[in-house]
Amino acid sequence: MPSIAPSAGGVRVERLVTSGQFELDGGSWDVDNNVWVVGDDKECVVIDAAHDGRAIVKSIDRERKVVGVISTHAHNDHINAVGEVCDGTRAPAYLHPADRMLWDELYPVTPDHELADGQVISVGDVELHVIHTPGHTPGSCCLYAPALGVLFTGDTLFKGGPGATGRSYSDFGTIIESIRDKVLTLPDETVVLTGHGDSTVIGAEAPHLQEWVDRGH
């Protein structure tokens, strides 16, 4: 993870890597997930509560209020610790409603809040701007924090290309459109913090868009 300067008010980005299984369409794969905690000493949000709710809760100081557990999308490996983290911190869960069919496979309760394109979630002195980027799933979203110069992309964009679109509820043309029109338009220096693996920057990925289109999914 690159060094990301805190905001003027002390909001910082922390990463926790958890391991488990991604399951969809009858298949199962071992995966490592990036869990992102964004906030200052008083409050924070958790982005993509994956696999190990106890480890996530323990990583957050008791003095910090968790103001939201935000899921970039509802594949099981990104939401399977949401319940435990929300229970352990009394934080509300956020999800885009277009991914409810995936959420409902795991949870019998409705998320507390819906994400929507253009929505702003504040933590400390930082605003997280919700960008709806369908393609990997219908409800996939990225979270852009201009004050930190970072974009949390979930599984929409990785170092080297788009997220996978070969399974149920995904579409290659749609993810390319989302990346082209809503992600690669951000400043080149924007740090891309992904759902799995290494980070990148917008300027390193933008020149390769046509290559991704040509190779397809």
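The structure is a predicted model, in which local features need pLDDT of at least 70, side-chain atom pairs count only at pLDDT 80 or more, and totals for chains, interfaces and linings use all residues. Residues are numbered from 1 along each chain as its sequence is written, and side-chain values use heavy atoms, with hydrogens and water left out. The largest pocket holds about 230 Å³ of space, and the largest cavity about 50 Å³. The structure also has 3 aromatic pairs.

**Pocket and cavity**

- Rolling a probe the size of a water molecule over the atoms shows where empty space is left.
- On a 1 Å grid over the protein atoms alone, a cavity is a set of points where a 1.4 Å probe fits but cannot get out, while a pocket is an open set with protein on both sides within 12 Å along at least five of seven lines.
- Lining residues have an atom within 4 Å of a point; points are joined across faces, edges and corners, and a volume is the space filled by probe spheres set on them.
- The lining of the largest pocket consists of Val57, Lys58, Ile60, Asp61, Arg62, Arg64, Lys65, Val66, Gly88 and Thr89.
- Two or more residues of that lining come from each of α1 (53–58), β4 (65–70) and α3 (82–89); helices (H or I, at least four residues) and strands (E, at least two) are DSSP runs numbered from the N terminus.
- By class, the pocket lining has 3 nonpolar, 2 polar and 5 charged residues, where Ala, Val, Leu, Ile, Met, Phe, Trp, Tyr, Cys and Pro count as nonpolar, Asp, Glu, Lys and Arg as charged, and the others, Gly among them, as polar.
- The whole structure contains 1 cavity of 30 Å³ or more.
- Around the largest cavity are Phe22, Leu24, His75, His136, Ala164, Thr165, Gly166, Arg167, Ser168 and Ser170, a lining of 3 nonpolar, 6 polar and 1 charged residues.

**Rings**

- Trp103 and Tyr107 form a tilted aromatic pair, 4.7 Å centre to centre with 40° between the planes.
- Rings of Phe, Tyr and Trp (its six-membered ring) pair if their centres lie within 6.5 Å, and planes under 30 degrees apart count as stacked, over 60 as edge-to-face and the rest as tilted.
- Trp103 is buried at 3% relative accessibility, and Tyr107 is buried at 14%; buried means under 20% relative accessible area, exposed over 50%, and partly exposed in between (1.4 Å probe, protein chains only).
- The charged end of Arg167 sits over the ring of Trp29, 4.2 Å from its centre; this term requires NZ of Lys or CZ of Arg within 6 Å of the ring centre and within 35 degrees of the ring normal.

**Loop residues**

- Asp48 is in the loop between β3 (43–47) and α1, and is buried at 1% relative accessibility.
- Asp48 has a positive phi of about 65° although it is not a glycine.
- His51 is also in the loop between β3 and α1, has a positive phi near 70° and counts as buried because its relative accessibility is 18%.
- Ser71 lies in the loop between β4 and α2 (76–79) and is buried, with a relative accessible area of 1%.
- Not counting residues up to four places away in sequence, Ser71 touches Asp48, His78, Ile79, Val82, Tyr94, Leu95 and Leu115; contact means heavy atoms within 4.5 Å.

**Strand residues**

- Val45 is in strand β3 and is buried, with a relative accessible area of 0%.
- Leaving aside neighbours within four places in sequence, Val45 contacts Trp36, Val37, Val38, Val67, Gly68, Ile70, Val123 and Leu128.
- Ile131 is in strand β8 (residues 126–132) and is buried at 12% relative accessible area.
- Ile131 has Leu151 among its contacts beyond four places in sequence; these two residues are 20 apart in sequence and 9.8 Å apart in space, C-alpha to C-alpha.
- Glu127 is found in strand β8 and counts as partly exposed because its relative accessibility is 41%.
- Beyond four places in sequence, Glu127 contacts Val120, Ile121, Ser122, Tyr144, Ala145 and Pro146.
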